[in-house]
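Here are my notes on the model you sent. Please read them next to the sequence and the coordinates.

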Amino acid sequence: MRDAAPTTIYLKDYTPFGYLVDSVHLTFDLAAHATRVTSRIAFRPNPDAADRTFFLHGEELTLIRASIDGVQITPEVTDKGLTAPAPDAPFIWEAEVEIDPGNNTALEGLYMSNGMYCTQCEAEGFRKITYYPDRPDVMSTFTVRINGDLPVLLSNGNPSGKGEGWAEWTDPWPKPAYLFALVAGELIAHPGQFTTMSGRDVELNLWVRPGDEGKCAFGMEALKKSMKWDEDVYGREYDLDVFNIVAVDDFNMGAMENKGLNIFNSSAVLASPETSTDMNFERIEAIIAHEYFHNWTGNRITCRDWFQLCLKEGLTVFRDAQFTSDMRSAPVKRIHDAIDLRARQFPEDNGPLSHPVRPESFQEINNFYTATVYEKGAEIIGMLKRLVGDEAYTNALDLYFDRHDGQACTIEDWIKVFEDTTGRDLDQFKRWYSQSGTPRVTVAEEWADGTYTLTLSQRTEPTPGQDEKLPQVIPVAVGLLGPNGDEVRATEVLELTEASQSFTFTGLAAKPTASVLRDFSAPVILEQDQSNAERAFLLAHDTDAFNRWQAGRSLAEDTLLNMIQSDAAPDADYLDGLLAVLRDGDLDPAYRALMLGLPTQSELAAALHENGETPYPMAIWTAVETLRQVTAQHVQDLLPRLHSETVIDAPYNPDADQSGKRALGGAALALTSRLDGGAKATEEYKTADNMTLQLTALSCLLRASKGQAELAAFYDQWQHDRLVMDKWFGLQVSMAAPDATADVARNLTEHPDFNWKNPNRFRAVMGALAMNHAGFHRADGAGYALLADWLIKLDPVNPQTTARMCSAFQTWKRYDTDRQALIRAQLTRIAETPDLSRDTTEMVSRILDA
Ligand code: ZN
């Protein structure tokens, strides 16, 4: 291992940097293997800092020269940075370094993608560009000159000059170095325009490689909608003359909010009906909004240190979720978010990688861009809003922007604006940021003499580093339904703050049925002893869209667990309830499609594990297949109607309405394929004129072990389109039968188009392998070994992407001892790889420590 004893950084050790930065001037002389970066930085002693050590971060840089106030110096250089004697007075630092973007495969710092230069600096990538105090609490204005013979030269801020072979950019807004960006390449602009609420004209551009011009229109519209929405809902206006977005093929994450120059993974911005699915469109709209919203929540107000990451990410995810609810369907978005939280965040929070939303220590910050920081971080804000009310939330946010604009802040600052606006003591609420693990809320009920009593109790299992848990503030939204299905008590938010608390409802004529945790009012696991009859009742009558869906989901889960545990037959309450919902033509098609969903096989494994049983992946897979088959037969007569109800005779539009219809039509097609052997899917594939339908039909065929001819035709049709080819790779692995999955994946890694250094392509295959539950967990360990082989191969090339994918192993302690031994052997093999990156070392050792 590279670091025998890797260093751990602690939140409690925070101290400010000894100097402030007044201005940064950078000059880039671009060359693929020898880019020169010249910096001129004005430093001045920081009156709030005790320590004047002048240490600048710097990694993988060749220092050519350095000077202070024009006097050449020889700093002490290590592989982490340099130290120099600096005056206790303002001074000018100048340095010239050489870097090698052409060989930068880690995609952090300045790197190249298809002949284009681009940067990724969050979290700590700027130190790979030049020597600098690379920490978010050091903020400065930047002026950047780019010299290079590529036609398009971009950086942050406003353009301030250009000529043949050069361009200069000036960013008037002080920013931390992680928001720095530079792009140079042969790019084409898809232009747009926006006038802000105070009348500022903003030039918008979406920059793409030649050939991608036809995939820009949707992203541009999403950007304009985002700009307008942030003005309307948060009163936040854009603050530069230009806003540029660049699409790049090689990118570790979704996208990056660099000031005035967002850089996007091309999969997160490029879209067309022929090449993108409805889900792609929805995701792109949300990511564009997310990055745009960061301009205020992240850029204008940034984080003091990386422990505060959720300050910008939780809030920005919450804001993009509000945006999506407004643009599309609020209940559908809420259900999507709950599904996503349970699929990605709950396993993280209940396994070896569990960490607080605001972590207290890390070895590699890149390992903390997690579902917990992002999605649980957003849920916390949703709870806060529910607790204080909409108006107080708006006032608190106004105060936040007012008080902290231009600052690098902490969670304490954030909580304080809510305390100051509402007068409420939020000390206990703050535990959501420090306590890890998913709280479990149990519900007990009592009925006597017209009084209904709900007793709510909470407990959280121990998590790594946290054995003792304290009660949290949990907003539990509850409504009551009377025996005929009418709502007898509208939604009320019960505040659970003790380990156990009772809430009474008086004056009721008959024993009600409680609808608990409406709208998924808190990110908790609800443990409620409900009969299937009660669930069926809620499925039929609940006025809360989320809980109506949840009732169906609980029925489905219960049925599946009974099938797995006791070979039971599928439950009639579930099947009949589902049929009734599907028949209800007044219900939104998107919502009906969601009703047809089932818990993932991984979620079922988690549920079994919690019940003290060992999950066997093939038993789970078989139960799901059986339930699907039985469902198809049960709703058979309705399928033709669902198909005709979801026919669209209008030009393709990825809006909520059409995509909801396609989702229901697709779900119906999947059921139909189980009955007709894929006949209808074959027809649909032939006539499909959009990617949603084409991919749905193809997956139905692959699921039925058919579709090989279509798969080959799909390849011929789309081999020139890398984003569609990612789907082609991924789908084959997702749809493979359990015993074939590892072999299908291995064969695909030998395909000439498997460019494994491209994160999207790597994830298409390896991510799909890890997600195919029964396939990944094949009893002989072939899935584990294949993933480990490739993680070991990728690590020296791209540690960030490797480390993230290690989380595929995080649930290993759920399974039987044979599988645990197989996984442990693979994790150990990875851990013992010579020169393993710090990123992967940290992840593997945390997982192994379970
Ligand atoms: Zn973000």
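1. Basis. This is a predicted model, in which local features need pLDDT of at least 70 and side-chain atom pairs count only at pLDDT 80 or more, while totals for chains, interfaces and linings use all residues. Residues are numbered from 1 along each chain as its sequence is written, and side-chain values use heavy atoms, with hydrogens and water left out.

2. Helices H18 and H20. Two packed helices are described by the angle between their axes and the distance between the axes. H18 spans residues 691-703 and H20 spans residues 722-734. Helices are DSSP runs (H or I, at least four residues), as are strands (E, at least two), numbered from the N terminus. The axes of H18 and H20 come within 11 Å and cross at roughly 20 degrees. Axes here are lines fitted to C-alpha atoms, for helices over the stretch in contact, and angles run from 0 to 180 degrees between N-to-C directions. H18 is therefore roughly parallel to H20. The classes are: under 35 degrees roughly parallel, over 145 roughly antiparallel, 65 to 115 roughly perpendicular, and the rest oblique. The crossing of H18 and H20 is right-handed. A crossing is right-handed if the near helix is turned clockwise from the far one by less than a right angle, and left-handed if anticlockwise.

3. The H18 and H20 contact. H18 contributes Met691, Leu695, Leu698, Ser699 and Leu702. H20 contributes Val724, Lys727, Leu731 and Gln732. Contact means heavy atoms within 4.5 Å. By class, the contact of H18 with H20 has 6 nonpolar, 2 polar and 1 charged residues. Ala, Val, Leu, Ile, Met, Phe, Trp, Tyr, Cys and Pro count as nonpolar; Asp, Glu, Lys and Arg count as charged; the others, Gly among them, count as polar.

4. Helices H2 and H3. H2 covers residues 278-293 and H3 covers residues 309-327. Their axes come within 9 Å and cross at roughly 135 degrees. The pair is therefore oblique. H2 passes H3 in a right-handed crossing. On the H2 side the contact uses Glu282, Glu285, Ala286, Ala289, His290 and Phe293. On the H3 side it uses Glu313, Thr316, Val317, Arg319, Asp320, Phe323, Thr324 and Met327. By class, this contact of H2 with H3 has 6 nonpolar, 3 polar and 5 charged residues.

5. Cysteines. How many disulfides does the structure hold? The count is 0. The criterion is a pair of cysteine sulfur atoms within 2.5 Å. Cys118 is in no disulfide, and the nearest cysteine sulfur, that of Cys121, is 10.0 Å away. Cys118 is buried, with a relative accessible area of 0%. Buried means under 20% relative accessible area, exposed over 50%, and partly exposed in between (1.4 Å probe, protein chains only). For Cys303, the closest cysteine sulfur is in Cys310, at 7.8 Å, too far for a bond. Cys303 is buried as well, with a relative accessible area of 0%.

6. Backbone checks. Most residues other than glycine have a negative phi, and most peptide bonds are trans. A cis peptide bond joins Glu122 and Ala123, with omega about 0 degrees. Ala123 sits in the loop between strand S11 (116-120) and strand S12 (140-147). Asp69 has a positive phi, near 50 degrees. Asp69 lies in the loop between strand S5 (62-68) and strand S6 (71-72). Its relative accessibility is 46%, which counts as partly exposed.

7. The loop between H26 and H27. Asp835 is in this loop, between helix H26 (817-831) and helix H27 (838-848). Asp835 has a positive phi of about 60 degrees although it is not a glycine. Is Asp835 buried or exposed? At 58% relative accessibility, Asp835 counts as exposed. Ser837 is in the loop between H26 and H27 too. Ser837 is buried, with a relative accessible area of 3%. Ser837 and Asp795 are 42 residues apart in sequence and 6.6 Å apart in space, C-alpha to C-alpha.

8. Two buried residues. Thr801 is in helix H25 (residues 799-805). Thr801 counts as buried, at 1% relative accessibility. Leaving aside neighbours within four places in sequence, Thr801 is in contact with Asn252, Pro759, Arg763 and Leu794. Leu517 is in the loop between strand S30 (513-516) and strand S31 (525-528). Leu517 counts as buried, at 4% relative accessibility. With neighbours within four places in sequence left aside, its contacts include Pro475, Val476, Phe546 and Asn547.
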